Structures are given as structure tokens and as C-alpha cells.
Amino acid sequence: MPTTTTLQVRFRIVDGVRIRYADSGSSQKPAVVLTSPWPESVYAFAPMWASLAEHARLFAVDLPGFGASERREDLLSPRATGEFLAQLIAEADLGTAHLVAPDVGTSAALFAAAAHPERIASVIVGSGGTAVPIQLGEPLASWVLDPDLDKYRRMDPRAIVGATLDTIAGGIPDDIRADYLACYDGDRFAESMRYARRYPEELPVLAGLLPQITTPVTIINGRHDRVVPLANAEFLDKRLPTSRLVIIDAGHFAWEEAPAKYASTVLDSITGNWP
């Protein structure tokens, strides 16, 4: 169990799925739901947890099939996970919540905002594939587009995830790294790939919905992100009616590489304090 943070994890059932989550436990408003990036977990938010918890109730969740949450076949897609997020907000009694959903959570959060605007006050996304046609760097492009999924099932998942984590500028604490590796051990990593492999099918659908999303959206992207190029963030910013693009001096893992800047941008977004 990671010990470098006050973030305490628990498990609960939502929509029949056992998920891992962390709740700051404060009744302070507003409520902020944070979704796990890939291949990480709720502990990706450890560096900013304390500062954000001073201003909001935080509810971080490992998405189904990611982190330490249970996998369910029908939820391994952005659109289905968007529905799951809307249900989570209702079942956890979070009122009208703000969604902080970087990386794979980006498309799911936007699907949720399109279908359930009454449950979502604002959306903070970025570093996730959204552009049509698809614009991704490696290794994500191969994970999404390679027709042979079985070869990834034959690979050592700890080697794949470990190599990815090694690209995080500044590194991460050993105990949190151990959590990430454990979360995607066995068949967990290869099966989680099936979510992103739905991008070719679902991102065009999302693109058609973007002009209809009235929820305010902040898009945060690392300036040096080679995994999910800035073109994805710009794609969103051009099509969303109410959006702003914040570029951080970081790589793909902006939430861990520049947590102070990331947290301040989140706080500006949930308070409506847009520059």
C-alpha cells in the first residue's frame, strides 16, 4: 500500500462493478471526480491530493478495467465508461460534480457531458486521444491500431508498463510505481488495451457530439507530449462551444510531472476563474 500520500483507497460496488476509489471525506463543495490515467491508478493524483482537498470534496476512481478496479467486458469503451461515470456521480451522491479525467478518461468524460449535462458542472480533460483522423504517437498508436492484440498478451506486462512509467519526468515514488505495476499484471494490461482500441470506432461519434456539449471544458495538455500530440487538444478546443486550452510545460504525464500547475488549473476551472 503506498505510504507517500494521505490518499486512502477503498472499494465499493457501482453498477455491479467492484471499483477502487478514494474519497477525501469532506462535505465541502464542490465535488470533484478524478479518473485514473493509463497505465496508472488513483495514486496518479497523490502529488496534488492535499492541495485540491483544501477546496473541494475529492472522489478519485480507478475506471473499470483500469487500476485496481474490476473489469467488465461491456464497459471497455469510452462511450460505455461515460455512462458509468454519470451513474457513479448519482450513486455516490456527488450532486453536480466536476470531472477531472485526463488520458483515457478524456473521451469518456466528454461522452458523459454530452449525454448527462445535468450531472456535470465542468470537465477538465486532456492528454487523451480525441482527434479524427486519429493522431497518436508511440507506443499508444500501436496499442490502438496494431491488429494483433494477442502478441501483447504474450509480452511481460510489467516490462511494458515499466517502460512507460520510465518516461515520467522526475520519476515517481517506489510504492506508487509498485501499485501501477501490480494493477496491470497478468492479463490486466492487454485487456485494458481493448478500451483504447475502440477509438477508431467511437472517436468519430464523439467528434459529432462536441458542438452540442454546453458544459464548460478545460483542456490541459503537456507541451512536450509525444504520446498524445497537442493536435488532439486543439481538435477539442476548436469544436467545443465553451472551452479553453491550457498548455503545461510537461510531457504526456502532466498531472505527475507538473502537479502544482495542474492543480491550480483544476482549481481555476472548478471555480470558474478562467483567465
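Mentor: Let us begin with helix α1 (residues 46–53), which lies across β2 (17–23), β3 (31–35) and β4 (57–61) and runs at about 155° to β4. Helices here are DSSP runs of H or I with at least four residues, strands are runs of E with at least two, and both are numbered from the N terminus. Angles run from 0 to 180 degrees between N-to-C directions, and axes are lines fitted to C-alpha atoms, for helices over the stretch in contact.

This is a predicted model, in which local features need pLDDT of at least 70 and side-chain atom pairs count only at pLDDT 80 or more, while totals for chains, interfaces and linings use all residues. Residues are numbered from 1 along each chain as its sequence is written, and side-chain values use heavy atoms, with hydrogens and water left out.

The sheet itself is open and has eight strands in the order β1-β2-β4-β3-β5-β6-β7-β8, with mixed pairing. Its edge strands are β1 (9–14) and β8 (243–248), each of which pairs on one side only, where two strands pair if DSSP finds at least two bridges between them. On average, and with direction ignored, neighbouring strands of this sheet are turned by 25° against each other.

Within the sheet, strand β5 (residues 97–102) and strand β6 (residues 120–126) pair in the parallel sense over six bridges, and Val100 has Ile124 in β6 as its bridge partner. Helix α3 packs on the sheet as well, touching β3, β5, β6 and β7 (217–222), and its direction makes about 155° with that of β6.

From α3 we can turn to its helix neighbour. Helix α2 (residues 78–91) and helix α3 (residues 105–115) pack at an angle of about 60°, with their axes 7 Å apart. The two are therefore oblique to each other, since angles under 35 degrees count as roughly parallel, over 145 as roughly antiparallel, 65 to 115 as roughly perpendicular and the rest as oblique. The crossing of α2 and α3 is right-handed, a term used if the near helix is turned clockwise from the far one by less than a right angle.

The contact, meaning heavy atoms within 4.5 Å, is made by Pro78, Arg79, Thr81, Gly82, Glu83 and Leu85 of α2 together with Ser107, Ala108, Ala109, Phe111, Ala112 and Ala115 of α3. These residues divide into seven nonpolar, three polar and two charged, where Ala, Val, Leu, Ile, Met, Phe, Trp, Tyr, Cys and Pro count as nonpolar, Asp, Glu, Lys and Arg as charged, and the others, Gly among them, as polar.
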